[in-house]
Amino acid sequence: MVSHAPPLIELRNIVKSYGANTASADGAQSAVTRVLDGVSLSIEAGEFVAIVGASGSGKSTLMHILGCLDRPSAGQYLFAGRDIAGFSADELAWLRREAFGFVFQDYHLIATESARENVEMPAIYSGASEAERRRRADDLLIRLGLDNRLDHRPNQLSGGQQQRVSICRALMNGGHIVLADEPTGALDSKTGAEVMRLLEDLAGDGHTIILITHDRDVAARARRIIEIRDGQIIADSGAPARASRRASLDAGALVASMTAGVARSASFGADLRDALRAAWRVMWINSFRTLLTLLGIVIGVASVIVMMAIGAGTQKQVLEKMATFGSNRLYVIPGGDNPRGPGGTLSLDDVSIVRDVPNVTAAMPFLNSTVTVRYGNIDAQSPLWAVTEEAPRVLNWKPVRGVFFSADDERRLATVVLLGKRVREKLFGATDPVGHYILVNNVPFQVIGELEEKGATSGDADNDNMIMVPWSTGSYRLVGTTNLSWISVLIDRLDLADETAQKINQTLERAHRLHDFEVYNQAASVKAQTETQSTLTLMLGLIAAISLVVGGIGVMNIMLMTVRERTREIGIRIATGARQRDILRQFVTEATVVSCVGGTLGVAAGLIIGTGLIAAGIPAIFSIRAILGAFTCALLTGLVFGFMPARQAARLDPVVALTSE
Ligand code: ADP
Ligand code: MG
């Protein structure tokens, strides 16, 4: 006639033993402690039950099993008729979150969080929105008389207030079943009585209350008393008649909603924000320690940035120097591997041959000598460059005053000269030399221009201390030889420099019938220099990477310490319904925050040091890529090295974590 729903909670012959995992049938029982020894009981929704017993009788162990914080060694636990042995870790977490609310003897509040934040925690794991969470937490705290303590930290609250906060937390997700382990144990009798009155009110509202106590007077307030001794139930006053109960919970409906509830996780944003906040607090509280541990990352990131900047700066300087004459140049120099003679000669015919090689834009004869120049009563020795009208293009060198000589001058053996800046200074001072005549080896030459300043380049003492005359004039009138010092070759495509050099080699060798010259490849030398630079930069980068790894180990160290110090907090979080992945995510987030802070400090330090170097005249060019790269490395380091401690935290056994210290 009356349809019997299964009881809310039913324990069948529950055994919990410590020691050996499997007790052998024949003795060796001394190694095994049976803390619970065949406990069977059933509790209906809406009951107010006290479990009473002496200290050490197994009450807390029973409560941990009831609250799904611990699994029995043997026996069955049916929740609304469903055997929880078949529940996954996530389903158990859901049950803790939605069905149970824990109240502990020493409150178990998270010390770094405010009253409100402590109360909000179960709702974070169940995925309530921030506004909703806050509203409910504030309602509960106000209802329990903590209106003006919302933002207080646990250590700013009295014991009774802390216990009320923990009751609010138990009620946050509904608190259908409140499991209270010695809730008045740490309180004076007056506050203890207040807490008991609260529990009675909750029972009156239909909450299922399971109260654990060693105090018979406290137990007497409940409607049903179960007495436990040495892990066995020795008395049970029995459940009162169904009519007297008004349950807040339809257990069947709750369990039916489990699949949907488990799937619904904390909203990622809220979860992240909670984790970030927690991470920030922990870092702030241990700021000095954190800073020390972060030093590795800071140094790593800063050195990557500075070294890359110096590398780039130096490289740019080298390339700029190279570019003074341009890198797409080849030189054909007389001499070579002819064992019989002092080296061959190069003539204008060779210039024509070279000019016809593919990829050669220009080939220019070059004759180098030393002459005496005179203007008025000033004498000077000066290098002579006898070149053609192609020189401005081939040498990448133009006059700043006057004009360069023409092909016509070349043909006519014109006695015209262009002065390097230093020669002009020596002979003319600040006066414009163009149009004046000077004597070059006692031959009068008209100055038609002054060359732009080149400055000293690597290998050349001083490019500005020389004069340029047409090749023909220099060859026939001044030096008296048609043998060239070398041929300057301008090529079109730099990437074909090697092939072109080879081609010149072949063609000239065919013409000379021996290899009495050498082709010098400026492009190859630039390439070699650049490669040396890159190797250097890579080395520096490697050093920086090593310091990043050291920094990562620092992060791992700080995270391992954090996990150890906060074992109990982890237990509390699990008891309020956190899943393994919630804990994992929190600690990975913390590691990431720590390394982000390290990375940011490192970037700042790198920029400051680099700016200082630039101010001191050291060439440095900041590279966005290096900055981003170093920061990303720091972040990844934190993630990688923070993962292991985080996983360790997530895998903690809830009871061990809760009862640590
Ligand atoms: P109560 O809460 O009734 O005081 P507990 O349930 O905490 O008792 O403990 C019951 C017994 O189980 C005690 O004798 C205790 O020493 C033992 N016990 C509890 N936890 C462990 C454990 N992790 N390993 C071994 N023995 C334990
Ligand atoms: Mg106990």
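Predicted model: local features only at pLDDT ≥ 70, side-chain atom pairs only at ≥ 80, totals over all residues.

Q: Fine, ligand first. Which residues surround ligand 1?
A: The residues around ligand 1 are Tyr18, Val35, Ala54, Ser55, Gly56, Ser57, Gly58, Lys59, Ser60 and Thr61. Sorted by class, that shell has three nonpolar, six polar and one charged residues.

Q: Which helix gives the most to that shell?
A: That is helix H1, residues 59–66, which contributes three residues to the shell around ligand 1.

Q: And what polar atoms lie by the oxygen atoms of ligand 1?
A: A polar backbone atom of Lys59 is 2.9 Å from an oxygen atom of ligand 1, while Ser60 places a polar side-chain atom 2.7 Å from an oxygen atom of the ligand, and for a polar side-chain atom of Thr61 the corresponding distance is 2.6 Å.

Q: How much of the accessible area of ligand 1 does the protein cover?
A: On its own ligand 1 has 560 Å² of accessible area, and the protein covers 55% of that.

Q: Switching to aromatics: how many pairs are there?
A: With ring centres required to lie within 6.5 Å, the count comes to eleven aromatic pairs. One of them is Phe79 with Phe100, which is edge-to-face because the planes stand at 65°, with the ring centres 5.9 Å apart.

Q: Where in the chain do those two sit?
A: Phe79 belongs to strand S4 (residues 74–79) and Phe100 to strand S6 (residues 100–103), so the pair links distant parts of the chain, 21 residues apart. Both Phe79 and Phe100 are buried.

Q: What about Phe102 and Phe104, how are their rings arranged?
A: The rings of Phe102 and Phe104 are stacked, with 5.8 Å from centre to centre and 10° between the planes, and both of these residues are buried as well. Ring pairs join Phe79, Phe100, Phe102 and Phe104 into a cluster.

Q: OK, helices. Is H3 mostly covered or mostly open?
A: Helix H3, residues 115–126, is mostly covered, since twelve of its twelve residues are buried. Among them are the charged residues Arg116, Glu117 and Glu120. Just after H3 comes Gly127, with a positive phi of about 85°.

Q: Why call H19 largely enclosed?
A: Helix H19 spans residues 567–575, and it is described as largely enclosed by the rest of the structure because eight of its nine residues are buried. The buried residues include Glu569, Ile570, Ile572 and Arg573. Gly577, which follows H19, has a positive phi near 110°.

Q: Which residues other than glycine have a positive phi?
A: Cys68 is one of them, with phi near 60°, and Tyr107 is another, with phi near 65°. As background, most residues other than glycine have a negative phi.

Q: Where are those two, and are they buried or exposed?
A: Cys68 lies in the loop between H1 and S4 and is buried, with a relative accessible area of 4%. Tyr107 lies in the loop between S6 and H3, and at 10% relative accessibility it counts as buried.

Q: New topic: what surrounds Val489?
A: Val489 sits in strand S19, residues 486–491, and is buried at a relative accessible area of 0%. Beyond residues up to four places away in sequence, its contacts include Asn328, Arg329, Leu330, Val354, Ala362 and Ile504. Ala362 and Val489 are 127 residues apart in sequence, yet their C-alpha atoms are 5.8 Å apart in space.

Q: Last one: what does the side chain of Ser595 reach?
A: The Ser595 side chain reaches the backbone oxygen of Thr592 at 3.1 Å. Ser595 lies in helix H20, residues 580–615, and is buried with a relative accessible area of 0%. Not counting residues up to four places away in sequence, Ser595 touches Ile297, Val555, Ala634, Leu635 and Gly638.

Key. Residues numbered from 1 in each chain as written. Chains lettered and ligands numbered in written order. Heavy atoms only, no water. Buried < 20%, exposed > 50% of the residue type's maximum accessible area, 1.4 Å probe, protein only. Helix = DSSP H or I, 4+ residues; strand = E, 2+ residues; numbered from the N terminus. Phe/Tyr/Trp six-rings, centres within 6.5 Å; stacked < 30°, edge-to-face > 60°. Near = heavy atom within 4 Å. Polar contact = N/O pair within 3.5 Å; in protein donor to acceptor, adjacent residues only side chain to side chain. Areas by Shrake-Rupley, 256 points an atom, 1.4 Å probe, with all protein chains shown as cover. Contact = heavy atoms within 4.5 Å.
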